[in-house]
Amino acid sequence: MRLRVNQKHIPMFATIAVFLLIYLAGSVMYSNFFSLRVFTNLFIDNAFVGVIAIGMTFVIISGGIDLSVGSVVAFTGVLAAKLMHDYDVHPMLAFSICLTLGALFGMVMGSLIHFFELPPFLVTLVGMFLARGLAFLVSLNALPIKHPLVDSIIDFGIPLGFRTWLPATAIVFIAVTLVGVYLQHYTRFGRNTYALGSSEQSAVLMGLPVGRTKILVYTFNGLLSALAGVVYSLYTSSGYPLACVGLELDVIAAVVIGGTLLSGGAGYVVGTLIGVLILGLIQTFITFQGTLSSWWTKIVIGILLFVFILLQRYLSAAGVKR
Amino acid sequence: MVEAKGLKNNNVQRVLWPLMALAGILLFNLFFTPGFFHIEIKDGRFFGSLIDIANRAAPVMLLAIGMTLVFATGGVDLSVGAIMAISGAVAATVIRPDYVKGILEYGDVQPILLVLAIPLIFSLLAGLWNGLLVALIGIQPIIATLILMVAGRGIAQLITQGQIVVFIHEPFQYIGSGFLFGLPFPIVIVLLTFSATHLLTRKTGLGLFIEAIGANSVASRFMGIQERLITLSVYIFSGLCAGLAGLIVCADIKAADANNAGLFLELDAIAAVIIGGTMWGGRFTVFGSIIGTLIIQSLTTTILTRGVAPEVTLVFKAVVIILVALIQSERFRQLFSRRMGRRKVQIS
């Protein structure tokens with residue numbers, strides 16, 4: 001049997017290669033880079049990015065885009081803090097309210113996109129303004145989150161040995177990734193997003209529930225953005241209306257670097273997971289290096305984005321010729 | 001979809017809605033904000049709320065002019081905010097080349113032409129980069145310009161080494177805060193850019209070519225339109241406009257702030273273009289975009305003068321944009337005309 005690499009998998013292999021390369025370079029150059037602590041920190045520090053990136057993977061595979069995620073994170077975070085801080089709402093209730101609102105927010109955006117045939121980037125741009133404005137309406141300042149239950153959630157962690165812990169936020173990230181993999185590969189919803197992204201017209205002609213899938217994709221992403229807001233507020237123990245400005249770009253970058261085609265129809269949740277880890281790795285690398293300034297992160301992410309987009313372009317062009 | 005009405009009629013109708021929205025906001029102010037329409041002349045210069053609105057809107061107007069053409073070709077330029085930051089950073093560095101090394105002396109005063117030309121060349125290159133990615137390599141515009149949006153701000157910070165470069169340079173400051181014929185100089189720049197763009201696109205075939213590319217790029221290539229060249233130049237033009245806007249902001253605050261210059265202004269520009277009635281890929285109106293910018297700015301000013309927290313403006317912006325987008329949506333109109341019991345005849 002001839003060894004054949006499925007063309008769809010090439011971007012993901014490239015992603016894994018880049019990840020290993022950076023990890024190897026870091027491990028060779030700096031002592032302590034290759035440690036369980038650094039590796040678990042990748043999951044802890046990027047938990048909120050990762051949670052949204054999973055949702056964004058579905059959105060981009062379905063051929064859409066969601067620019068509102070950063071603002072939704074800020075809105076839900078600040079709302080949860082406000083509810084707990086000023087109104088003494090139980091944390092679980094506050095978080096449930098936030099998740100419901102996030103899902104509703106996504107559903108409304110999805111409905112606008114589907115029923116009125118508005119371009120996704122326009123609708124979600126409006127969503128971005130709206131959620132940010134609502135966050136300011138809730139509170140103009142950062143609010144602390146203090147509650148015995150929240151403290152115990154923050155302190156909770158699964159010991160991994162070597163004096164490292166896997167805290168609740170990282171567990172949420174990993175759980176969401178697993179749910180994402182399940183949804184993508186073992187449900188009709190997952191199949192439908194691929195069909196929708198490959199060709200909406202064909203999906204309609206095949207009798208797939210295009211409208212429902214589209215709205216569900218945005219609802220799912222809204223829910224995950226709200227979840228990321230909760231994770232973020234746990235991570236920082238506060239709610240801040242100016243949090244996560246520009247997060248949507250990091251998330252999109254992670255998804256693209258993870259090998260998802262921006263034109264829709266191809267990509268994997270697992271690839272996105274590695275894309276998120278690559279972004280985290282670049283940041284860790286720059287921290288270890290010490291003399292490089294924070295703006296190099298942006299430039300390196302930009303260059304990586306460019307390389308991966310070129311790769312995608314080349315692959316899809318090769319696919320057309322075949 | 002082609003509506004059964006004349007093109008000319010359609011164009012007028014397109015600007016009518018934004019104009020009415022602007023008139024509505026101004027009317028509100030006429031009744032509720034005393035002295036809103038008051039314009040006085042001091043030292044041969046005009047002062048007043050209306051002038052202030054136009055002056056504050058000037059950078060976004062420039063962005064919107066460039067964005068309109070990009071929008072008409074079916075693209076979008078997300079990198080304009082980052083290009084503004086780059087252009088401001090370069091200008092400040094030209095004025096004080098040693099500032100980032102910690103040397104605070106000025107050295108020779110740089111000629112104004114140099115201070116203007118070098119940042120504009122940088123913005124032209126940035127636009128060229130976007131254009132090459134979109135027109136030659138064929139990357140989707142949202143993504144192609146996303147690269148520079150992410151990396152561009154990093155480049156601007158690299159140029160200023162993460163510092164806020166402050167400077168004093170009389171001729172350059174004139175660009176941000178000077179007056180010509182009694183008008184603030186930024187408004188004059190906008191008027192000049194607008195007239196030039198209008199003449200270029202409406203008195204020559206260029207405007208129609210751009211619209212043709214937006215409507216169907218393959219068909220327009222078969223028609224013999226140099227689709228790639230025009231797309232490329234549209235992005236270069238947008239980059240130049242952004243560079244100019246960056247210079248105005250930088251000269252106005254007498255400093256280059258790579259972190260915050262032009263932050264989120266790409267969203268304002270996109271909003272202005274959409275409110276102004278330009279479709280994504282197809283018919284465009286630069287005048288409409290100017291009106292769109294004025295709507296956003298007068299809304300902001302109105303909210304500020306009413307004493308509402310400025311951050312809440314975002315909610316109003318969002319509501320206005322989505323309403324205008326809905327009104328322009330074909331499906332929304334159909335919904336309404338069906339409700340009214342009329343059926344619109346459409347040729348599609």
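## Helix 3 of chain B

Helix 3 of chain B is mostly covered, with 15 of its 16 residues buried (20 or more other C-beta atoms within 10 Å of the residue's own, C-beta atoms being placed from the backbone). The model is predicted: local features need pLDDT of at least 70, side-chain atom pairs count only at pLDDT 80 or more, and totals for chains, interfaces and linings use all residues. Residues are numbered from 1 along each chain as its sequence is written, while chains are lettered from A and ligands numbered from 1 in the order in which they are written.

The helix covers residues 80-95; at 1.5 Å a residue it should span 22 Å, and its end C-alpha atoms lie 23 Å apart, which agrees. The expected span is 1.5 Å times one less than the number of residues.

## Packing against helix 11

Helix 3 of chain B packs on helix 11 (residues 265-275) of chain B at about 130°, the axes being 7 Å apart.

B:Val80, B:Gly81 and B:Met84 of helix 3 meet B:Leu265, B:Glu266 and B:Ala269 of helix 11. Contact requires C-beta atoms, placed from the backbone, within 7 Å.

Chain B has 14 helices and 6 strands (DSSP runs of H or I, at least four residues, and of E, at least two). Of its 348 residues, 49% are buried.

Chain A and chain B each give 35 residues to their contact.

Terms used
Buried ≥ 20, exposed ≤ 12 C-beta atoms within 10 Å, placed from the backbone. Contact = placed C-beta atoms within 7 Å. Axes fitted to C-alpha atoms, helices over the stretch in contact; angles between N-to-C directions.
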